Amino acid sequence: MDEEVIATEHPGYVLRVDGHALDSVTFGELVAEAEAATRARRPADAARAYAAALALWRGPALAGVTGQLVEDEAARWQEIRINAYEAMTGVQLALGQHQLLLPELAAMVREHPLRERTRYHLILAQYRSGRRAEAMESFREARRRFIDELGMAPGPELVELHEAILRDDPALGPPSAPQAVDGAAGSAQALPTAAKTVVPSVRGLIVPSELPPDVPGFAGRSEELAALDALVEGVGDRHAPTTGLITGVAGIGKTGLAVRWAHRVSEHFPDGRLFADLRGYDEQQAPTAAGDILSRFLRSLGVESDVVPDGLEDRVALYRSVLADRRVLLVLDNVRTFAQIRPLLPGSGCCTVLVTSRDQLEQFVTWPQSARVHLGLLPEDRSIELIGRIVGEARIAGAPEEATRLAELCDRLPLALRIAAARLASKPHWSVRHLVARLSDERRRLDELSQGESQVRASFELSYRYLPKDAARLYRFLGLLSVADFTAWVGAALMDIEVLDAERLMEHLVDTQFLQVVGVDCTGQLRYRFHDLMRLYAGERVREEEPEGDRWAACDRVFRTFLAIADQAYQREYGGAFGRVRGDAARRDIDPVLLEELLASPLEWFEAERLPLVAVVEQSARMGMDELAWELVASMESLFGFRNYLEDWRRCSEYALDAARIAGNLRGQAVMEHELGAVELRLRRLTEATEWYERALVLYTEAGEAHGRALVLSGLSLIDRLRGEYGRAQERLREVLPVFRAVADRSSESYVLQSLAQCALDQGRPEEALDLCRAAIRVCEGIGVDRRSLAQARHRLACAHLALGHLDTAEIEFTRAMEIVRDRSDLLGLAYTLLGLAETRLLAGSAEAAERAFLEGLDVARRTRSPMVEGQILLALGEARTGRGREEEGREHLTDALAIFRRIGSPPWEEKVNAALNRGA
């Protein structure tokens with residue numbers, strides 16, 4: 001014909017097919033003919049039709065033409081071609097042509113090493129050709145390849161074939177005569193056939209394949225893929241649909257995982273693979289109507305347009321009828337509500353539905369249950385792998401630390417990782433460190449990750465706009481806080497609502513992927529946290545949508561609630577507001593029932609809230625809430641001291657001290673300088689501790705705070721005693737004792753009596769120490785709940801009995817003290833108690849038991865970072881080993897102890913070590 005095949009017509013070009021033959025159309029017709037012959041049990045005709053169809057190919061489809069749409073279409077046709085080849089080899093195997101197939105199957109496996117179906121046919125052909133060893137090696141090579149490249153073992157069909165070969169299953173033998181294709185060996189019905197063609201004459205034979213292209217650079221998610229594989233287990237035996245759900249925060253990779261899995265299992269769905277984006281979170285377009293999707297799906301499945309009903313109910317009925325005898329995979333992406341997909345669920349048959357959503361879709365029941373997959377952040381190694389696949393492995397390998405930091409700044413969120421990696425790939429002159437520097441500024445991070453078509457901020461906005469009003473406000477308010485995680489009462493304080501109402505809103509935020517559940521803390525409270533980028537977005541929203549006064553009021557409510565609970569925890573720990581100066585910061589009223597629930601074990605509440613408390617001290621100090629900040633630090637002293645969080649103690653005290661100085665708050669400055677002195681004293685840095693204490697003493701005097709002065713003087717008395725200045729120590733203690741009694745500080749009164757007892761012991765007056773310890777115990781028992789002071793008093797009472805040679809009584813008292821400190825996880829108290837117990841057992845002649853106690857005490861002491869008790873244990877252990885004839889070991893311990901006492905400046909203990917060394921010389 002003279003007429004042009006391609007002609008120019010407005011607004012572009014037109015393909016004139018009249019009088020011409022199209023290979024694509026002919027290919028589709030031949031494949032359809034082959035499939036029909038297979039179903040009619042005419043394998044020889046099917047093999048000829050498949051061979052004729054494949055002979056039409058003269059190279060890759062659309063070769064030499066570029067462009068994303070063209071490349072996607074070419075990839076689709078390549079998949080169709082391979083599917084047709086695999087279907088043909090299945091038919092040829094059924095015809096007994098296994099030996100003829102071996103060379104081309106081996107070549108096909110080399111070209112497409114991850115095609116399970118092709119490998120299945122090769123292994124079966126090798127076995128039937130008498131090459132059993134080669135078949136086994138082909139399986140082993142496939143398994144290595146799949147694990148190395150995909151991170152997973154081969155599928156169940158290959159594994160079952162391998163097991164059948166191992167037992168020489170007779171069913172694997174070649175057919176005695178040409179037969180219909182049936183079973184795993186190559187059924188055109190059990191395995192995928194050709195993809196959809198658009199030839200009207202073969203509408204009834206259309207097999208749709210609508211999946212988007214697989215995600216390039218996909219990394220990780222092997223466990224999630226394995227969970228989804230439950231959807232196709234026993235695919236040939238079941239007669240009801242399976243349903244799966246993938247949930248996760250925006251940008252977590254739900255669609256990518258669904259598409260990756262769908263491509264991986266496409267061979268299980270020979271009647272089609274359908275895909276629809278329901279646009280549940282689309283800012284530009286309304287959600288796709290179920291009726292529109294049904295209309296498209298019906299046409300894809302071969303129903304003529306004029307047959308598709310107009311009404312929704314009729315469409316659903318026809319749709320379910322069409323699917324009843326088919327095995328089709330349906331991927332429904334971006335679903336927001338169960339109502340969107342209810343009409344799209346098959347009523348029966350062997351179909352599988354996979355849904356992705358940012359919401360939990362509680363009404364949607366997955367079957368099997370394990371196919372409900374929630375996506376978390378990518379692991380660090382997989383995050384770096386994803387970046388490397390986009391940027392280039394060599395570029396990432398050259399900056400491993402920066403790559404790790406980049407993954408952290410992207411929150412290990414796949415969308416953010418891809419955006420960051422794409423920016424690096426497009427800017428070869430940028431180093432990884434340069435991008436890390438740009439992302440390190442929290443104020444700019446979302447801007448940096450929201451450029452071009454893919455935007456992190458936009459993906460969050462699509463979910464945020466659908467939140468209920470009160471849930472959105474709570475989400476915003478939570479963005480005000482610097483805490484790492486939080487419980488429902490924090491949300492209640494922010495919103496000034498009941499705790500149960502706050503928990504309801506938080507659970508909604510969990511369901512919609514704005515928050516995640518960390519777990520249950522040691523007080524039994526559920527804890528929640530943000531993903532980091534979600535926290536930054538919440539901060540943006542609250543600054544834009546909430547007035548400054550409302551933001552300040554919300555923070556104030558939360559901080560005063562923290563202070564109220566911490567104050568109560570301290571008082572329950574000590575039996576009252578003992579041992580500290582109280583300020584004027586207002587406490588927020590707390591529901592008594594909630595308070596009892598939280599403070600069943602005050603120390604455990606402190607432990608659960610340790611990091612949030614540190615963050616609140618820092619944030620309140622930064623906001624100028626100086627009185628609240630220093631009072632909160634003072635309330636946390638029991639946590640810092642008992643659990644040995646010395647760096648937290650120092651940090652918090654410094655934050656609050658800075659705020660008090662800026663505000664000119666004398667009392668706050670005094671208390672925080674006192675706290676910093678206590679940290680140094682705990683570390684036995686006596687000079688530094690003295691300097692802090694003396695400054696605090698001056699400030700307390702200026703503020704007219706007699707109780708505070710007495711607390712500092714009692715601390716200075718300990719320094720005096722450690723330096724051997726017993727007279728000065730006792731003078732200070734006798735000065736402060738009446739002050740503590742006057743203000744009814746019973747815990748401090750007990751401490752003074754114990755300190756006087758220790759001075760008496762150090763000076764060789766154990767009888768006097770005994771009386772003072774008993775007086776201290778009576779004070780502690782009068783308080784009732786101050787078990788820390790009671791443990792210390794019993795420890796010193798035991799030391800007095802030990803000095804008097806009352807070994808049985810000493811061991812009883814040491815054991816009583818040890819029960820208390822173990823129960824409270826008081827490591828410092830435990831170290832001292834083990835030391836006393838070891839010395840008692842040594843004097844009682846139980847050398848081995850003493851040795852065990854010494855070594856346990858030494859291990860505990862080193863964990864407390866308290867050199868004084870470590871030095872004392874080393875001294876006692878050195879003397880014990882020297883006395884048992886282990887002079888070299890003993891001398892080593894004594895030398896270590898001497899170095900410790902010299903470093904902290906304790907002359908009395910230096911003298912004791914020197915005396916021990918001289919005795920052993």
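Visitor: How many salt bridges are there?
Guide: The count comes to 75 salt bridges. The rule asks for a side-chain nitrogen of Lys or Arg within 4 Å of a carboxyl oxygen of Asp or Glu.

Visitor: What are these values based on?
Guide: This is a predicted model, where local features need pLDDT of at least 70, side-chain atom pairs count only at pLDDT 80 or more, and totals for chains, interfaces and linings use all residues. Residues are numbered from 1 along each chain as its sequence is written, and side-chain values use heavy atoms, with hydrogens and water left out.

Visitor: Give me a pair. What joins Glu544 and Arg541?
Guide: A salt bridge between their side chains, 2.9 Å from N to O.

Visitor: Where do they sit in the fold?
Guide: Both are in helix α23, residues 532-545. They are 3 residues apart, so about one helical turn separates them. Helices here are DSSP runs (H or I, at least four residues), and strands are E runs of at least two, numbered from the N terminus.

Visitor: Is Glu544 buried or exposed?
Guide: Glu544 is exposed, at 58% relative accessible area. Arg541 is buried, at 13%. Buried means under 20%, exposed over 50%, and partly exposed in between (1.4 Å probe, protein chains only).

Visitor: Which residues are in the network with them?
Guide: Salt bridges link Arg473, Arg476, Arg541, Glu544, Glu545, Glu546 and Asp550.

Visitor: Next pair. What about Arg560 and Asp556?
Guide: Their side chains form a salt bridge too, at 2.9 Å, N to O. They lie 4 residues apart in helix α24 (residues 548-574), again about one helical turn. Asp556 is partly exposed, at 22%.

Visitor: And how far is N from O for Glu768 and Arg765?
Guide: That salt bridge spans 2.6 Å. Glu768 is partly exposed at 33%, and Arg765 is partly exposed at 28%.

Visitor: Switching topic. Where is Gln525?
Guide: In the loop between β8 (516-520) and β9 (526-529). Gln525 is buried, with 11% relative accessible area.

Visitor: What does the Gln525 side chain make a polar contact with?
Guide: The side chain of Glu597, at 2.7 Å. A polar contact is a pair of N or O atoms within 3.5 Å; within protein, one must be able to donate a hydrogen and the other to accept it, and sequence-adjacent residues count only if both atoms are side-chain atoms.

Visitor: What else does Gln525 touch?
Guide: Leaving out residues up to four places away in sequence, Gln525 touches Thr487, Gly519, Val520, Glu597 and Leu598. Contact means heavy atoms within 4.5 Å.
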